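I opened the notebook to record what I looked up in this structure.

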Amino acid sequence: MNQSVRVPSLAPAARTPRRLRLSMGREDWIMAGGILAVGVFLIVAVALPLLALFVKAFENRAGEFVGLANFAAYFSTPSLTQSIWNSLFVASASTVITVTLGFVFAYGLTRTCMPLRGVLRALAVTPILSPSMLPAISLVYLFGNKGFAKGLLFGNSIYGPIGIIMGEVYYTFPHVLLILVTALSMADARLYEAADALGTSRWRTFWTVTLPGVRYGLVSAAVVAFTLALTDFGVAKVVGGRFNVLATDVYKQVIGQKNFPMGAVVGLVLLAPALLSFLVTRHVQKRQKAQLSARSVLLTPQPQKGRDLVFFAVCSVIALAIATMLGTSAFASFIKLWPYDLTLTLTNYDFSLVDSSGWTSYTNSLVMASSVAVIGTAVVFGGAYLVEKGRSLPLLRHAISVLALLPLAVPGLVLGIAYIFFFNHPANPLGFLMGTMAILVINTLAHYYTVAHLSASTILKQVDGEYEAVSASLKVPFWRTFALVTVPVCLPTILDILVYLFATALTTASSLIFLYTPDTKTASVAVISIDDAGNIASAAAMAMVIVYTSAAVRGLDLLVRRFGLARFQRWRQR
Amino acid sequence: MTAPEEPPVYLRLQNISKHFGTFHALRDVSLSIRKGEFVCFLGPSGCGKTTLLRAIAGLDPQNSGRIEQDGRDISRLPPAQRDFGIVFQSYALFPNLTAAENIGYGLRNRGVPGHEIRARVEQLATLVHLYEHLHKYPSQLSGGQQQRVALARALALSPGLLLLDEPLSALDAQVRQFLRREIKEVHRRLGITTIMVTHDQEEALTLSDRIVLMNRGVIEQVGTPTELYRTPRTAFAAAFVGQSNFLPGRLRADGTVAVNGVPLRPGVGVQAGMPDEPVQICLRPEQVELRPAGAGGYPAQVTDVEFCGSFWRVTLSVEALGCRRLVADVPPALGGALALAEGAAVDALVPDGVAQVFPEVFPEAAA
């Protein structure tokens with residue numbers, strides 16, 4: 001309106017529309033269709049179920065709106081509200097322990113010259129291979145009523161907060177370790193040289209240089225540990241005993257008592273802290289930019305005998321403890337009757353004796369995890385590509401990038417019950433999906449969408465933004481350039497996403513526990529049900545089958561990277 | 001308007017406007033480019049030159065206005081349906097394809113038989129002197145070689161229009177000089193209508209048939225390099241293209257201007273105005289004549305001398321003109337005769353009919 005209008009010097013042009021839009025070619029329609037498809041997927045798989053959960057919390061069992069009555073009932077039931085404090089307690093305690101141990105371990109790996117760093121690191125990340133039930137099962141063997149090391153608890157029971165905290169520390173340790181290793185390895189040697197030149201003591205350098213440098217990493221690690229421990233279901237299910245936490249409450253309300261509205265309320269209570277930690281992480285990540293500039297000099301630790309030995313001792317104890325946890329389940333799975341008859345046997349692996357699904361649950365897991373990995377990688381990477389490089393539907397593209405972040409804040413359990421409410425609703429035309437393998441695939445993909453999406457869009461942001469423009473000028477359709485250039489250039493990241501989705505789909509149980517049927521039961525769910533039925537040795541065996549499989553996949557991944565991928569990556573060499 | 005021997009208009013832009021939010025990147029830009037012309041869009045960063053180029057390509061379409069290419073209205077066509085080849089500042093070479101595969105990328109998609117593609121790729125590679133590097137990947141090529149692959153790729157489909165977006169700015173000075181000649185040579189041989197975006201005036205002056213000087217989303221002036229240098233129409237043009245001294249002055253009734261009370265007879269650029277109206281006078285450094293002290297002129301003191309190879313650049317303080325910083329370029333022989341040194345006294349003279357007069361606005365920040 002306030003633009004200075006000049007009299008056009010040329011002959012007046014034909015009336016031009018106020019907002020000029022390019023006409024859509026075939027390519028644009030295909031691209032818009034793709035964006036629309038990914039948008040619809042995220043809305044159906046993430047947004048609408050959560051909405052259904054939210055609505056359910058304000059309804060009674062008959063589906064009538066009752067305002068805050070459910071919340072009033074919840075908060076006036078001490079046995080339920082006690083779980084909030086229990087959950088916060090075990091989550092906080094395990095966070096403090098994990099972050100402390102993780103920091104020492106990460107410091108040892110990155111800032112000292114202790115021996116066997118590679119071995120120690122490999123041992124320390126093994127918990128990532130297993131479902132969260134595994135540490136709990138091991139704890140039962142070690143410290144349970146017939147446990148070898150029961151005496152170390154001085155009469156306390158492993159069933160309860162002690163067991164939950166120990167299990168969560170094991171389960172969250174690798175996640176914390178990886179974050180802290182990254183944070184600690186991004187150190188600028190020049191800062192330490194400056195401190196040295198100024199005659200600063202080591203202790204003071206640690207407090208004024210090292211700690212401030214990793215403070216964002218520490219916050220991220222603490223938030224991740226807290227969220228994982230708070231929302232995890234597997235450990236508390238196996239070793240929680242009568243100590244109720246939010247995660248087991250959701251399960252009891254929905255599966256045990258069929259009280260869906262109360263389940264929804266507990267779900268929302270569980271969602272609140274998870275959402276809060278999600279926002280904290282986002283905030284921290286925004287401030288964490290450019291710790292290391294191009295001019296920084298990477299710090300390489302110098303040998304220092306005393307320090308290196310101390311860290312080696314401490315880290316060895318931690319790594320040994322982790323190995324013991326995994327080893328216990330592995331060992332127990334081959335034992336006839338712990339601790340009375342230690343003869344080796346394969347009977348525990350004959351799952352048909354303890355579970356009607358037998359080995360089928362394992363093949364179900366393989367089918368489910370492969371589908372999530374293959375379909376998921378295509379959807380996530382294709383979706384991220386369309387969001388980053390697409391030209392049409394800007395609002396929907398923005399909505400996709402926001403929706404893609406949401407699952408990170410939603411605990412698996414909460415997403416699981418949200419699916420029940422949404423897909424079981426009589427008016428939902430998608431109700432036929434309930435009870436099928438497809439719903440497990442959709443749910444698992446939605447649950448782990450965020451991490452996969454973030455790695456895809458990070459790599460795509462690094463790809464030159466003009467490839468699409470160049471290919472348009474050369475009259476090459478965008479999908480051809482996507483297939484011939486973008487995908488090959490991003491191949492290592494695509495493989496990352498594939499392995500990540502497969503491994504997480506294999507080990508997760510928390511949301512599937514609400515969605516499986518006897519026909520679609522997965523191995524991780526079977527661990528819980530077999531343990532529930534009292535067959536702990538078989539539960540250990542099933543958990544170990546998952547560990548063997550994820551270990552095999554990671555091993556295969558390494559081989560592919562070393563030998564297969566190299567052939568396609570010749571262009572990276574100078 | 002069209003003179004009989006002049007080639008026809010190939011690209012016609014009418015009233016192009018583009019804004020990003022409240023920022024007006026282009027305001028009502030109109031321009032015609034003839035077939036076979038080499039045109040540079042020149043201007044400081046943020047002037048809208050790249051925005052205009054991207055609008056022509058359809059990559060960031062204008063909000064309003066009409067673009068005609070070869071008699072066809074392309075205003076609303078997506079990039080894939082327009083006829084252009086483009087070279088970006090980043091080159092945007094496909095890193096996983098060899099130089100030959102990059103150049104032949106568009107041909108392969110068209111279903112051209114393999115041996116024809118090979119022949120065409122080799123022909124283009126010869127044109128840009130890249131023949132022996134065809135089997136290499138972009139990461140194995142130098143910046144200048146990568147740039148030439150991008151150029152060959154843009155030419156592969158024989159487009160009617162070649163768009164170059166700051167193609168030389170990522171290269172070091174020597175390679176730049178070399179590639180400048182190479183681009184000119186390619187243009188001469190193919191006769192393709194070419195638009196190049198640059199912020200480097202030297203590049204624009206040496207390469208273009210015509211320069212489109214832009215500033216703040218509007219065209220300041222369109223003209224041949226010599227027109228732009230000799231007869232800048234605005235103070236911005238005078239400041240951005242070539243070096244200029246700006247002196248404050250006032251118009252006088254007799255058509256001359258007064259600088260610090262001293263009358264000067266200006267050349268082109270003088271506009272009718274009210275007597276006593278404040279103006280600024282622009283002098284190119286080579287228009288300032290220096291003579292030995294006492295030989296006639298305004299007494300001046302040398303405050304700085306720079307040796308620039310083919311000439312001396314002398315900074316003077318001229319009290320009569322009220323000017324503490326007047327830059328003059330002096331040929332080496334004369335520089336020696338005057339014994340130029342800091343503190344030396346000389347006489348400075350402004351010949352009649354060379355100075356240019358502009359309304360008093362501060363020259364925009366010029367490079």
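**Chain B, contacts.** I began with contacts in chain B between residues at least 6 apart in sequence: 67% join residues at least 24 apart. Contact here means heavy atoms within 4.5 Å.

**Ground rules.** I noted that this is a predicted model, where local features need pLDDT of at least 70, side-chain atom pairs count only at pLDDT 80 or more, and totals for chains, interfaces and linings use all residues. Residues are numbered from 1 along each chain as its sequence is written, chains are lettered from A and ligands numbered from 1 in the order in which they are written, and side-chain values use heavy atoms, with hydrogens and water left out.

**Chain B, overall.** I found 10 helices and 20 strands in chain B. Both are DSSP runs, numbered from the N terminus: helices are H or I with at least four residues, strands are E with at least two. The C-alpha trace of chain B spans about 80 × 45 × 45 Å along its principal axes. Of the 367 residues in chain B, 54% are buried. Buried means under 20% relative accessible area, exposed over 50%, and partly exposed in between (1.4 Å probe, protein chains only).

**B:Ala238.** I placed B:Ala238 in helix H9 (residues 235-240) of chain B. B:Ala238 is buried, because its relative accessible area is 0%. Leaving out residues up to four places away in sequence, B:Ala238 touches B:Pro232, B:Ser244, B:Phe246, B:Cys282, B:Arg284 and B:Phe358.

**Helix H5 of chain A.** Why is helix H5 (residues 133-143) of chain A largely enclosed by the rest of the structure? I saw that 11 of its 11 residues are buried, so H5(A) is largely enclosed. The buried residues include A:Met133, A:Pro135, A:Tyr141 and A:Phe143. They pack against helices H6 (161-185), H10 (234-239), H13 (305-332), H22 (523-532) and H23 (536-568) of chain A.

**A:Thr377.** I located A:Thr377 in helix H14 (residues 360-389) of chain A. Is A:Thr377 buried or exposed? A:Thr377 is buried, with a relative accessible area of 6%. Residues up to four places away aside, A:Thr377 touches A:Val372, A:Gly382, A:Ile494, A:Ile497, A:Leu498 and A:Leu501.

**A:Ile43.** My last entry is A:Ile43, in helix H1 (residues 26-56) of chain A. A:Ile43 is partly exposed, at 33% relative accessible area.
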